Amino acid sequence: MMAVVHMFADAAVIAKRNMIKIKRVPEVLVFVLLSPIMFVLLFAYVFGGSINIPGGSYREFLIAGIFAQTVVFGSTFTGVGIADDIQKGIIDRFRSLPMSQAAVLIGRTASDVVYNVLTLLIMGLTGLVVGWRIHSSLWEGLVGFGLLLAFSYAFSWTMALVGLLVPSVEVINNASFMVIFPVTFIANTFVPTENLPTVLRTFAEWNPISALTQAVRELFGNIPPGTPDPTAWPLQNPVIYTLIWAALIIAVFAPLASIRYQKAVKQG
């Protein structure tokens, strides 16, 4: 029991250390926050008049998709941060300290949740400017934001493993973009799945990003009245499907990342 307490105490110290880096390198946070603002404004004003959402507003349809895409991209900070620490020898310093080695990964993934909290806050304010509103209750709105953060935290463990396997910031940035970009676009993030070709539509309907987006739209009350009910099970039960994926990702990638970290420590 005490070992677990010490592990989380050490993880809190690591998370605090990662947060302090924001103060020392504010440019990183500026670019992190500018990107979602740019996406919201571009899609709202460039595509807003071209994409028709029957019975509703494309801008309200859009925001949940932007939220989902951005928190998934935000998880890449975990992989980049770990790769950067390996390159700079910080991991070697952690290894020499009397601390729980598991705390390094736990603290890293936990601190990146804060990045996503700030990002969602800025995006939410930008969404209000372009006409987005939460039409459900305060509780449902908070659950929607919590679901976004839970999924982003889970996905950060995949990037933690990538950061340990490919300890190069440049490679991680390129590799993550090539994987995450198509996954977040072949979904219902920016267009209804009904408009996609058959094969892509099937992929989009079972894509966890689509379920996350659908869940957030429902929780925010951004589904237009009269919208036909989804025919695919994941979109009929988006909250459950998203939570299943989040739990599955953590169950698979957290142990794999921990094992890889232990191997890296021994090799060092």
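This is a predicted model: local features need pLDDT of at least 70, side-chain atom pairs count only at pLDDT 80 or more; totals for chains, interfaces and linings use all residues.
A residue counts as buried when its relative accessible area is under 20%. Ser 210 has a relative accessible area of 0%, so Ser 210 is buried.

**Ser 210 and its surroundings**

Ser 210 sits in helix 10, which spans residues 208-220. Which residues does Ser 210 touch, leaving aside its neighbours within four places in sequence? They are Ala 187, Asn 188, Ala 204 and Leu 235.

**Ile 14 in helix 1**

Ile 14 belongs to helix 1, residues 2-24. Its relative accessible area is 5%, so Ile 14 is buried as well. Neighbours within four places in sequence are again set aside here. Ile 14 then contacts Phe 94, Met 99, Ala 103, Val 104, Gly 107 and Arg 108. Thr 227 lies 213 residues from Ile 14 in sequence. In space, the two C-alpha atoms are 46 Å apart.

**Helix 6 and its two partners**

Helix 6 covers residues 102-130. It packs with helix 7, residues 138-165, and with helix 4, residues 76-88. The table sets out the two pairs.

| Helix pair | Crossing angle | Axis distance |
|---|---|---|
| Helix 6 and helix 7 | roughly 135 degrees | within 9 Å |
| Helix 4 and helix 6 | about 135 degrees | 9 Å |

Take helix 6 and helix 7 first. Their axes cross at roughly 135 degrees. That angle makes helix 6 oblique to helix 7. The crossing is right-handed. On the helix 6 side, the contact is made by Leu 105, Ile 106, Thr 109, Ala 110, Val 113, Asn 116, Val 117 and Leu 120. Helix 7 brings Phe 145, Leu 148, Leu 149, Ser 152, Tyr 153, Ser 156, Trp 157 and Leu 164. How many residues of each class take part in the contact of helix 6 with helix 7? There are 12 nonpolar, four polar and no charged residues.

Now take helix 4 and helix 6. They pack at an angle of about 135 degrees. Helix 4 and helix 6 are therefore oblique to each other. Helix 4 passes helix 6 in a right-handed crossing. Helix 4 supplies Phe 77, Thr 78, Gly 81 and Ile 82. These meet Leu 105, Arg 108, Thr 109 and Asp 112 in helix 6. By class, this contact has three nonpolar, three polar and two charged residues.

**Two salt bridges**

The count of salt bridges comes to two. One joins Arg 108 to Asp 112, with the closest N and O atoms 2.9 Å apart. Both residues belong to helix 6. They are four residues apart, so about one helical turn separates Arg 108 from Asp 112. Are Arg 108 and Asp 112 buried or exposed? Arg 108 is buried, and so is Asp 112.

Glu 205 and Arg 201 both lie in helix 9, residues 198-206. They too are four residues apart, about one turn of the helix. Glu 205 has 11% relative accessibility, so it counts as buried. Arg 201 has a relative accessible area of 28%, so Arg 201 is partly exposed.

Terms used: Residues are numbered from 1 along each chain as its sequence is written. Side-chain values use heavy atoms; hydrogens and water are left out. Axes are lines fitted to C-alpha atoms, for helices over the stretch in contact, and angles run from 0 to 180 degrees between N-to-C directions. Helices (H or I, at least four residues) and strands (E, at least two) are DSSP runs, numbered from the N terminus. Angles under 35 degrees count as roughly parallel, over 145 as roughly antiparallel, 65 to 115 as roughly perpendicular and the rest as oblique. A crossing is left-handed if the near helix is turned anticlockwise from the far one by less than a right angle, and right-handed if clockwise. Contact means heavy atoms within 4.5 Å. Ala, Val, Leu, Ile, Met, Phe, Trp, Tyr, Cys and Pro count as nonpolar, Asp, Glu, Lys and Arg as charged, and the others, Gly among them, as polar. A salt bridge is a side-chain nitrogen of Lys or Arg within 4 Å of a carboxyl oxygen of Asp or Glu. Buried means under 20% relative accessible area, exposed over 50%, partly exposed in between (1.4 Å probe, protein chains only).
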